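Colleague: Could you take me through how the features of a model like this are read, beginning with the general idea each time and then turning to the case at hand?

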Amino acid sequence: MAVLENINHQPMMFEPTSINSEHGLVANPNRKPLDSFPQIFFSDGEPWYEANRYAFYRHDDLQKELKTVSREMTHLARYADWLEEADLHWLHFPKKKGERCLFKFRGYLIDQRDKGFLAPSTATQTMTAVIAFYRWASATGYAGERSKLFDDKTKVVSFFDKVGFSRTMSVTSSELSIPNRTRTGTLLEDGLTPINQASTKTLMAYLSEHRNYELYLISKVALQTGCRHETVTTLNIDAVQNAYPDQILSNIMRVKVGPGTGVETKFNASGDIYIPQALLSELTEYFNSAEAILRRSKASNALQRNIFLTSRGNRYTSQTFGTLLHRLKNELIEAGHTEFGRFKFHQLRATFGTMLMRALLKTQGMSSLNAIEFVQEAMLHKDPSSTWKYIKFIEKEPIEEKFLETLWSIFTGSQEQSNQIIEHLTSGETFEDE
């Protein structure tokens, strides 16, 4: 199967007269080297030259962020893998549209979406990324005489500008695009909803078997702190050891994250995350465990303080973390839990946010405005509109109240300690009033 690999990339410049040149090239002093640049390779080891060149074009010429390029290349890698399985070349465009590789791939994505193996948004984004690549390949001549690969159409979209005036804009749409018609109702961050009680019990029961202790702990941190995966997977022991008690919530510690801490956040936001004291102790214990020490023995000096590393001693990139979750979902589906076909790790964050907002709104003397400010700070929301969605969701589509109350008890330590969450959630108990 085709694979997406991250390579070390040193931008070069042509200076044949330099004494340091190799084949006329020297390192570009104005460009930083990259240690995780995405490139696609087929199963025979050959690179997909055109797609890899496209990645450099997106990053070097258009100055797209590395995260954006990596996400686009993940979609193209999915397409490359399908091409190999279908035994088709990426320029297979016979006269009949239904036989063309792009049209066949579109049908494959729709089928995977309808069966629950791909989220609707993933199918849409994958097709969009592939179409964008073909447009570039056609414009640069890589597609040769096959410049007419599919039909485009222009449509007019109406919108309101910042001042409130109505405006129209012409946009180009492809006949290959896959519309993503999301369900009605109030959605939270990234269009997701909290994971429900039954799915939470199933997930935590499976992870509690410790088939992958790293993923067990990572998921536990996400569920009890609401952190995104990039924050969880870059937690380091220094940030944990420098934690300090929260002045309002007992048994809760605050950990600084963001620039200067080594812990990554979305938009490089600086702030504190809230972590149960018992969970901090568990993270410290794991950092000093034989398994964690073994992983750090394979890691570079820059990663020696990271709590979570892969079995090869590398940091969790979006690609490796995505692969880990994809494998987990496949195992759960094979075990008969087909509801996880569209499971997103970010749903654990949505569950935490819902729990936190509901508990604060029930706190005597806590106004809606104060609750929003508290949740915005705790979840490092850049825009308060993201936090407002939690109130709207609670009002319109509440999930199991007793379930959220139990999570709150675990979070604050008022009834149960953090290390009991797995036992409680997987014991088969129902969250009913006694």
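Modeller: Helices (H or I, at least four residues) and strands (E, at least two) are DSSP runs, numbered from the N terminus. On that basis, K67 lies in helix α2, which spans residues 66-86. This is a predicted model, in which local features need pLDDT of at least 70 and side-chain atom pairs count only at pLDDT 80 or more, while totals for chains, interfaces and linings use all residues. Residues are numbered from 1 along each chain as its sequence is written, and side-chain values use heavy atoms, with hydrogens and water left out.

Colleague: Is K67 buried, exposed or partly exposed?

Modeller: Buried means under 20% relative accessible area, exposed over 50%, and partly exposed in between (1.4 Å probe, protein chains only). K67 is partly exposed because its relative accessible area is 48%. K67 and T317, although 250 residues apart in sequence, are 9.7 Å apart in space from C-alpha to C-alpha.

Colleague: Where is T354 found, and which residues is T354 in contact with beyond its neighbours within four places in sequence?

Modeller: T354 is found in helix α12, residues 346-362, and counts as buried because its relative accessibility is 1%. Contact means heavy atoms within 4.5 Å; leaving aside neighbours within four places in sequence, T354 is in contact with L188, P194, Y390, F393, I394 and L404.

Colleague: Which residues does L203 touch, not counting residues up to four places away in sequence?

Modeller: With those residues not counted, L203 touches I195, L328, L332, F340, F343 and L348.
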